[in-house]
Amino acid sequence: MTFDLVAKDPSVELAMSIAKEAGKLLLARPAHLEIDTKSSATDVVTQMDRQAEAFIVAQLSKHRPEDAILGEEGSNSTGTSDFQWVIDPIDGTVNYLHRIPHWCVSIGLKNIKTGESIAGVIYAPVYDQMYISSQGLGSWVIDQGVPRLLQVSNCAELNVAVIGTGFGYSSERRASQARVLSQVLPRVADIRRLGSCAIDLCLVAAGVLDGYYERGVNDWDHAAGELIAREAGAISSGLRGNKVGNDMIVVATSLIHADLVAILEANSADSDIMDIEV
Ligand code: LIP
């Protein structure tokens with residue numbers, strides 16, 4: 001796996017340039033953020049989310065007018081090619097709002113016919129870390145200008161694994177996720193709820209987290225990060241033989257993925273029920 005093969009992939013190269021510029025725009029935040037809400041009072045969006053998405057869409061439309069675009073803040077255009085850009089202008093919006101550094105710009109490129117991501121770029125501006133991947137060519141991080149090959153950890157036992165997760169924006173779902181968490185936590189070494197699906201997936205790719213699971217994340221949250229993690233050696237799936245989706249995403253090292261899936265299935269983690277028949 002050579003860095004240049006990934007970094008010079010035209011789609012990766014374009015997405016890196018756009019993500020970097022979007023990151024600069026987001027770092028130059030105004031003193032006052034205009035806060036709106038979406039699906040609930042905790043599902044916030046700011047003018048910066050919208051401005052960053054508008055910038056990313058304008059650049060992609062200029063350089064790749066034939067491609068479709070889907071964005072978290074409402075962009076949804078069809079194209080004439082087989083490809084769709086899937087963007088989250090700020091993944092970790094609550095962190096961004098609270099000046100917690102764990103947020104990023106996520107740009108994924110999917111083959112519409114296969115539904116698979118073929119390129120992924122995630123830029124975490126505060127850390128100055130650019131995670132990149134091109135299908136079949138591996139994953140790299142450019143960490144403050146220094147490229148490093150990404151490789152998942154060698155974690156082989158769930159009871160020593162540090163697992164990332166996250167929670168939804170509705171109180172009913174959060175109550176169910178807390179129920180599931182109470183069953184997972186005793187079976188792993190520790191849990192990290194860091195607030196950005198995309199960066200959590202990059203941390204699995206980097207061997208920092210040993211796995212990640214979450215119910216309710218959207219395509220724009222994981223389109224880039226799931227490819228980055230898989231190309232670094234992770235296994236990804238939903239539950240019950242399903243692919244990654246809104247019901248559940250489970251990404252982990254090959255030696256603990258099945259055990260994590262088994263616990264989540266046993267506790268109906270892909271549903272919002274409050275108690276299960278034991
Ligand atoms: C976030 C996800 C995170 C999840 C949050 C939120 P957003 O995406 O990246 O994993 O736990 O609830 O959905 O809304 O910041 O783009």
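Predicted model: local features only at pLDDT ≥ 70, side-chain atom pairs only at ≥ 80, totals over all residues.
Trainee: Hi! Can we start with open spaces? What volume does the largest pocket have?
Mentor: Happy to. The largest pocket has a volume of about 600 Å³.

Trainee: And how many residues line the largest pocket?
Mentor: Its lining is made of 32 residues. Lying nearest the centre of the pocket are Phe167, Gly168, Tyr169, Arg193 and Glu214.

Trainee: Which elements give two or more residues to that lining?
Mentor: There is one strand, β5 (83–91), along with the helices α4 (93–97), α5 (171–184) and α7 (219–231).

Trainee: How do the lining residues divide into nonpolar, polar and charged?
Mentor: For the largest pocket, 12 are charged, 11 are polar and 9 are nonpolar.

Trainee: Okay, new topic. How many cavities of 30 Å³ or more does a search of the whole structure find?
Mentor: The search turns up 1 cavity of that kind. About 70 Å³ of space lies in the largest cavity.

Trainee: Which residues line the largest cavity?
Mentor: Among them are Thr165, Gly166, Phe167, Gln177, Val180, Leu181 and Met248. Glu214 is also one of the cavity's lining residues, and Glu214 is one of those nearest the centre of the largest pocket too.

Trainee: Which element gives the most to the cavity lining?
Mentor: That would be α5, with 3 residues. The strand β13 (211–214) supplies at least two, as does α5.

Trainee: And how does the cavity lining divide by residue type?
Mentor: The lining of the largest cavity has 6 nonpolar residues, 3 polar ones and 2 charged ones.

Trainee: Let's switch to charges. How many salt bridges does the structure hold?
Mentor: The structure holds 17 salt bridges. One of them joins the side chains of Lys20 and Asp128, at 3.2 Å from N to O.

Trainee: Where do Lys20 and Asp128 lie?
Mentor: Lys20 lies in helix α2, while Asp128 is in the loop between β7 (117–124) and β8 (129–134), so this pair ties together parts that are 108 residues apart in sequence.

Trainee: Are Lys20 and Asp128 buried, exposed or in between?
Mentor: Lys20 is partly exposed, with a relative accessible area of 32%. Asp128 is partly exposed too, at 27%.

Trainee: Which residues are linked in a network of salt bridges?
Mentor: Arg173, Arg215, Asp247 and Asp272 are linked that way. Arg215 also belongs to the lining of the largest cavity.

Trainee: Last one: where is Asp9?
Mentor: Asp9 is in the loop between α1 (3–7) and α2 (10–27). Leaving aside neighbours within four places in sequence, Asp9 is in contact with Asp4 and Ser134.

Trainee: Which side chain of opposite charge is nearest to Asp9?
Mentor: Arg64, and that side chain is 6.4 Å away. Asp9 is buried yet has no salt bridge; the cut-off for a salt bridge is 4 Å.

Trainee: So which residue does Arg64 meet in a salt bridge?
Mentor: Arg64 meets Asp67, at 3.1 Å from N to O. Both Arg64 and Asp67 are buried.

Conventions:
Residues numbered from 1 in each chain as written. Heavy atoms only, no water. Helix = DSSP H or I, 4+ residues; strand = E, 2+ residues; numbered from the N terminus. Buried < 20%, exposed > 50% of the residue type's maximum accessible area, 1.4 Å probe, protein only. Lys, Arg positive; Asp, Glu negative; His and termini not counted. Contact = heavy atoms within 4.5 Å. 1 Å grid on protein atoms, 1.4 Å probe; cavity = no way out; pocket = protein on both sides within 12 Å on 5 of 7 lines; lining within 4 Å. Points joined across faces, edges and corners; volume = space filled by probe spheres on them. Nonpolar A, V, L, I, M, F, W, Y, C, P; charged D, E, K, R; others polar.
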